[in-house]
Amino acid sequence: MRIAVIGGGASGLTAAGSAQGADVVIFEHAEKVGKKIYITGKGRCNFTNACDNQTFLQNVVTNAPFLRSALARFTPDDAIELLNRNGCATKIERGRRAFPLSDKASDVTKALWHYAENNGAKLRIGCDVRSIEKTGDMFEIRYYDGTEHVEKFDRVVICTGGVSYSMTGSDGSGYALAEKFGHSIVSPMPSLVELFTDKALTSAEGLTLKNVAVRADGIKPIFGDLMITEKGLSGPIILTLSALAARREFPYKIYIDFKPAMTAEELDTRLLRDFSAQLNKQFKNALDLLLPKSIIPYIIDRLGLASDRQVNSVTKQERRSLIDIIKNFELGVIGNAGYDRAVVTNGGVDVKQVDPKTMQSRLVSGLFFGGEVLNVDALTGGYNFHIALATGYVAGVNAAGATNE
């Protein structure tokens, strides 16, 4: 049984390792395997989340039901055990996030390559797969590595990734290969990505706001930290929002609550106390105890008050307007930082055309898919990396054991 795995990332390496007993060849067009792994989790590689399967699926944004079978077959505990067994000690941190003990993403790559190599997988790097055709029961792969070659295989597993971080080799080539076999591609969109806003908070660039909330129409408030960037917003809750709104058309409105732990009434009480202690101060200097200094000018501008007003002249109605702005600071989202800065891709091979129990194409016997090339994506926290591992594992196991229909 000869199996071609197209793509040497997390999913491809896992597929190559799990295709036990088969003659596996990995085709990777970059100069080394696992290039995207090296930058995952800021170089630390949060490779899974040690939660139960129900919690895991609640963090999947697109097509969670499709992943139920793969997750049952390859759990977060299985991912941890696989890495430990292949030389990568691991640890669990806040939020159940699993990392290599060394904090080096390269150790994850080494462990996954060790897993594949132990199964006898052969690696062809710098190979550009030009086409895949099926004649009878065999797949004919035409590839170029300086010269053109043609090889035949019994099974093919496409693990080429999406289009995020193209410098790592994720160029969407798998979509074209899948389309030639009749598969529908859900148009890709950047996900887990910085958002650009209509009003840049330039003087506050680089500021991280702790324990705030952000919401959009149809999306419940998301609590946590955000960071102000040159062109808009980033940080954990913004990445989450970008995933939930990945297919939303621009522009759309979002609202920041700078004090989500306080009700409007509690915030009013707090303001009255702060103002009473600073009656003779200018308004612009009376919010320092409540808000970061670099944000205050934008709040005052939105309120429409002169910043040099005396605190003792602020009316009850103006105070109420101030509270509304602090708890509902509106910005328009006009775009995002694009694929080269998006953590993952939303979109890909339509999962309706893939068997969730085997990852085999419903259209072409012997053709399998794994990882980000599929239209599945999740929030941050190790979920996306685990999806790559689990779907790759299931694809490899079933490719090695598949029979022609």
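In which loop is Asp103 found? In this predicted model, Asp103 is found in the loop between strand 6 (97-100) and helix 6. The backbone of Asp103 has a positive phi of about 65 degrees, although the residue is not a glycine. With a relative accessibility of 29%, Asp103 counts as partly exposed, since its value falls between the 20% limit for buried residues and the 50% limit for exposed ones.

Asn63 is a further non-glycine residue with a positive phi, here of about 60 degrees. Its place is in the loop between strand 4 (60-62) and helix 4 (64-73), and its relative accessible area of 29% makes Asn63 partly exposed. Another backbone feature concerns the peptide bond from Phe250 to Pro251, which is cis, with omega near -5 degrees. Pro251 is placed in the loop between helix 8 and strand 17 (252-257).

The largest nonpolar core holds 79 residues, of which Ile6, Phe27, Leu112, Ile141 and Leu374 touch the most other members. Helix 12 (residues 383-401) supplies the largest share of this core, with 10 residues. Apart from this core lies another, of 45 residues, which includes Ile237, Leu291, Ile295 and Val333.

Helix 1 (residues 10-18) is mostly covered, with 9 of its 9 residues buried. The buried residues are Ala10, Ser11, Gly12, Leu13, Thr14, Ala15, Ala16, Gly17 and Ser18. Their cover includes strand 1 (2-6), strand 2 (23-28), helix 2 (35-39), helix 6 (105-118), strand 11 (155-158) and helix 12.

Leu241 lies in helix 8 (residues 236-244). Leu241 is buried because its relative accessible area is 0%, and the limit for a buried residue is under 20%. Beyond residues up to four places away in sequence, Leu241 touches Leu195, Val214, Ala216, Ile219, Ile222 and Ile254. Ser191 and Leu241 are separated by 50 residues in sequence, and their C-alpha atoms are 9.1 Å apart in space.

The packing of two helices was also described. Helix 10 (residues 296-303) and helix 11 (residues 316-327) pack at an angle of about 125 degrees, and their axes are 10 Å apart. That angle makes helix 10 oblique to helix 11, and helix 10 passes helix 11 in a right-handed crossing. On the side of helix 10, the contact is made by Ile299, Arg302 and Leu303, while helix 11 contributes Glu318, Ser321, Leu322, Ile325 and Ile326. Classified by type, the contact between helix 10 and helix 11 has 5 nonpolar, 1 polar and 2 charged residues.

Conventions:
Residues are numbered from 1 along each chain as its sequence is written. This is a predicted model: local features need pLDDT of at least 70, side-chain atom pairs count only at pLDDT 80 or more; totals for chains, interfaces and linings use all residues. Side-chain values use heavy atoms; hydrogens and water are left out. A nonpolar core is a set of buried Ala, Val, Leu, Ile, Met, Phe, Trp, Tyr and Cys residues joined through side-chain atoms within 4.5 Å. Buried means under 20% relative accessible area, exposed over 50%, partly exposed in between (1.4 Å probe, protein chains only). Helices (H or I, at least four residues) and strands (E, at least two) are DSSP runs, numbered from the N terminus. Contact means heavy atoms within 4.5 Å. Axes are lines fitted to C-alpha atoms, for helices over the stretch in contact, and angles run from 0 to 180 degrees between N-to-C directions. Angles under 35 degrees count as roughly parallel, over 145 as roughly antiparallel, 65 to 115 as roughly perpendicular and the rest as oblique. A crossing is left-handed if the near helix is turned anticlockwise from the far one by less than a right angle, and right-handed if clockwise. Ala, Val, Leu, Ile, Met, Phe, Trp, Tyr, Cys and Pro count as nonpolar, Asp, Glu, Lys and Arg as charged, and the others, Gly among them, as polar.
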